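Let's take a friendly walk through a protein model together. Have the sequence and the 3D view ready, and turn the view as you read.

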Amino acid sequence: MKIVIEKNLQNIALNNSINLDKGQLIVASFFDKLHQKFVELNTKQNFFYKIFSNKNSDHIRGIYLYGGVGRGKSMIMDLFFQNVPIKEKRRLHFHDFMKEVHQRILEKSKIEKNKDCVLLVGQDLARSAKLLCFDEMEVRDIADAMILSRLFNVMFSYGTTLVTTSNQPPTGLYKNGLHRDRILPFIENLKLKTEIVEIQNGDDWRERSLSGNKVWLSPINKENKKKIDNIFLKLSLGFVKQSETIEISGRTIFIPQVAAGIAKIDFNDLCNKPLAASDYIEIGQRYKGIIIENIPVLDDKSRNETRRFIWLIDALYDKNCFLIANAETDFRKIYQGEEWEFEFQRTISRIVEMSQV
């Protein structure tokens, strides 16, 4: 077997002075085995026929990787995704995938009257993706729970291989959720169609990267900007930085830099635009942490920006995100007005907790 994922992981660690632990190396070996299966399948005759045929008897069992935060799960999966030798592959956040599925079902229902639109969407998705990689599988919505079993029953039957990361085992998905019985067939299918792999406990990658660094930096100057850039660099080791655009209820939020599930964005792009509390909840669901640059002193002249900042911190706090910031002054003094003085005391308290990474 050609060792690809483990070697890439070791190179990243070597180039950036990171010590890999046993748990990460064991997980890499699982991904190398899966990588080899795709290499072997890619050399078979009639490969494209196998992909696009209605039933695929050559289904490759995927991986369901779960464990604690900051253990490098996403990075290892991304290394696998980048190296697997097929074109028919997709890598996206689970939350984004489900939004796409609901939109596709809605569009199908307008065209295909009296037909099973979940079945049709599942077929379309399976034909376009032999390999589907999810980051952060977590089922919270009853609408998602109600269609997952049917959707993946179709996709697995068409030969889609699923690789996903999660903070919990399959049995923990949608735990205590309304009508949880609807998702149980999907959980059983996960056990059959993926290898359930738990990464061993170890150091939190995030804590190790931030050790010894302040995470609220003031004032705004070249020195602190450089520190923020270095923090983001450490947190995103092994990941490709890219921009993302989030569409929420007709509103567009542009995130200029994203890597390792962390968004780096300017204060004006978050709080000086007509965004609602629900938009910040969406951001909190999507990212593990936020780096906010250029936070100004807030007062009663910037009441709307202050209100949005309060909403943002509430959303990040509720979704267990961490916060790193470059601001004009200390967070205890960042608000110097009167209108939101009482509400901002809670914001200060939450910033303290979120900064304890």
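We will look at aromatic rings, then charges over rings, then packed helices, and finally some backbone details.

Before starting, keep in mind that this model is predicted, so local features need pLDDT of at least 70 and side-chain atom pairs count only at pLDDT 80 or more, while totals for chains, interfaces and linings use all residues. Residues are numbered from 1 along each chain as its sequence is written, and side-chain values use heavy atoms, with hydrogens and water left out.

Let's begin with the rings. A pair of aromatic rings is described by the distance of the centres and the angle of the planes. Rings of Phe, Tyr and Trp (its six-membered ring) pair if their centres lie within 6.5 Å; planes under 30 degrees apart count as stacked, over 60 as edge-to-face and the rest as tilted. Searching the whole structure in this way gives 13 aromatic pairs. One of them joins Phe-94 and Phe-134, an edge-to-face pair with 5.3 Å from centre to centre and 75° between the planes. This pair links distant parts of the chain, 40 residues apart: Phe-94 belongs to helix H5 (residues 94–111) and Phe-134 to strand E3 (residues 131–135). Helices (H or I, at least four residues) and strands (E, at least two) are DSSP runs, numbered from the N terminus. Phe-94 and Phe-134 are both buried, where buried means under 20% relative accessible area, exposed over 50%, and partly exposed in between (1.4 Å probe, protein chains only).

Now find Phe-152 and Phe-156. Their ring centres are 5.5 Å apart and their planes are at 50°, so this pair is tilted. The two residues are four apart in helix H7 (residues 142–157), which means they are separated by about one helical turn. Phe-152 and Phe-156 are buried as well. What do these rings form with Phe-94, Phe-97, Phe-134 and Phe-186? Phe-94, Phe-97, Phe-134, Phe-152, Phe-156 and Phe-186 form one aromatic cluster.

Rings can also have a charge above them. A charge sits over a ring if NZ of Lys or CZ of Arg is within 6 Å of the ring centre and within 35 degrees of the ring normal. The charged end of Lys-33 sits over the ring of Phe-30, 5.6 Å from its centre. Lys-241 has its charged end over the ring of Phe-232, 5.7 Å from the centre.

Next come the helices. Helix H2 (residues 22–42) packs with helix H4 (residues 73–83) at an angle of about 20°, and their axes are 10 Å apart. Axes are lines fitted to C-alpha atoms, for helices over the stretch in contact, and angles run from 0 to 180 degrees between N-to-C directions. H2 is therefore roughly parallel to H4 (angles under 35 degrees count as roughly parallel, over 145 as roughly antiparallel, 65 to 115 as roughly perpendicular and the rest as oblique). Among the residues that meet are Phe-31 and Phe-38 in H2, and Ile-76 and Phe-80 in H4.

Finally, follow the backbone. Most residues other than glycine have a negative phi, and most peptide bonds are trans. The bond from Ser-218 to Pro-219 is cis, with omega near 0°. Asn-176 has a positive phi, near 65°, and is exposed, with a relative accessible area of 75%. Asn-294, in strand E10 (residues 289–295), has a positive phi of about 60° and counts as partly exposed at 32% relative accessibility.

Definitions and conventions. Contact means heavy atoms within 4.5 Å.
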